[in-house]
Amino acid sequence: MKRILVLGALVLTGSAAIVVSAQQRPQVIDVAKVADNYYVLTSSTPGSPDSFSGGNVGVFLTTAGVVLVDTKLAAWGDTFLSRVRSISDKPVTTIINTHTHADHTGNNDRFGTNVEFVVQENTRTNMAKMDAFKGDKAQFLPKRTFRDRLTLGRGAEQIDLYYFGRGHTDGDAFVVFPSLRLVQTGDLFAWKDGPRIDRPNGGSGVQYPQTIAKALATLTGIDTVVPGHSPMMKLADLQEYQRYTADLLKTVQDAKTGGRSVDDAAAAAIAMTQKYRGYATERVKVAVQDIYDELNAGGATNR
């Protein structure tokens, strides 16, 4: 019998720390049923916020087989596979990775070589730099990529992939299921906290707000949002997060222009929780430092 539970919360501090923690914690992945043909494998255990397995995974059932959006951490592979099989015994035919990080790509190699892997073109470039896709594992690098938009399937099984610009990385894909009025955002919207900005993989705190703004201006017919590492939310939550990242950027820019320190800017950013009730502040100072560094390097350029 399938375990159907609500999504939990996740604390994410960096890919290396994630892998170590995942190897040390109880391997519990819960299954949340959203529709008869769509489930989410959660990123943590309810009531146990420090237990995590990688990002939320979408499991979409089609007539041909199973489509997965992201594949969690490698260390959780057996548990992850068992949860997928508890939902359907159909073969996995397609894996869409929202971006390059190991907590979203860690089990791409567990489903054989007949799977079609699909990513934004910059993500494919970033994945090729990872040790997990070197040597014999290079065969699991995606062969199908897109630049701005790609549609898979049709009718009730249609999936629309979008790229709106730099943010968390330079290859963050939004995955839209039109028939379900649902979008998976990957880690471009992972949580209600400071954004994680992976500058070595092309991330940009300067472009972050405008990237989400482009998504909101383009996407229509969305009711449900599945963030990268949080419980399911509504479109209004994504709209609020866009305003939050814009205010965060302006706070840092104003502090820098005024000659204030990173610590001063972080304090001002943390005070934004008076406006954004319920937002955490665990990742704010790191985000502020990343934006300062980017501004010192001359800001962001399009890629």
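Modeller: Contact here means heavy atoms within 4.5 Å. The model is predicted, so local features need pLDDT of at least 70 and side-chain atom pairs count only at pLDDT 80 or more, while totals for chains, interfaces and linings use all residues. Residues are numbered from 1 along each chain as its sequence is written, and side-chain values use heavy atoms, with hydrogens and water left out.

The chain contains eight helices and 15 strands (DSSP runs, H or I of at least four residues and E of at least two, numbered from the N terminus). Of its 303 residues, 55% are buried (under 20% relative accessible area, 1.4 Å probe, protein chains only).

In helix α2, residues 77-87, the buried residues are Gly77, Thr79, Phe80, Leu81, Arg83, Val84 and Ile87. These buried residues pack against five strands: β1 (31-35), β2 (38-41), β5 (57-61), β6 (66-69) and β7 (92-96).

Helix α5 (residues 208-218), by contrast, is described here through a helix partner, α6 (residues 235-257), with an angle of about 155° between them and axes 8 Å apart. That angle makes α5 roughly antiparallel to α6 (over 145 degrees, on a scale from 0 to 180 between N-to-C directions). On the α5 side, the contact is made by Tyr208, Pro209, Ile212, Ala213 and Leu216. Helix α6 contributes Leu235, Leu238, Gln239, Tyr241, Gln242, Thr245, Ala246 and Leu249. By class, this contact has ten nonpolar residues, three polar residues and no charged ones (Ala, Val, Leu, Ile, Met, Phe, Trp, Tyr, Cys and Pro are nonpolar, Asp, Glu, Lys and Arg charged, the others polar).

Methods: Parallel < 35°, antiparallel > 145°, perpendicular 65-115°, else oblique. Buried < 20%, exposed > 50% of the residue type's maximum accessible area, 1.4 Å probe, protein only.
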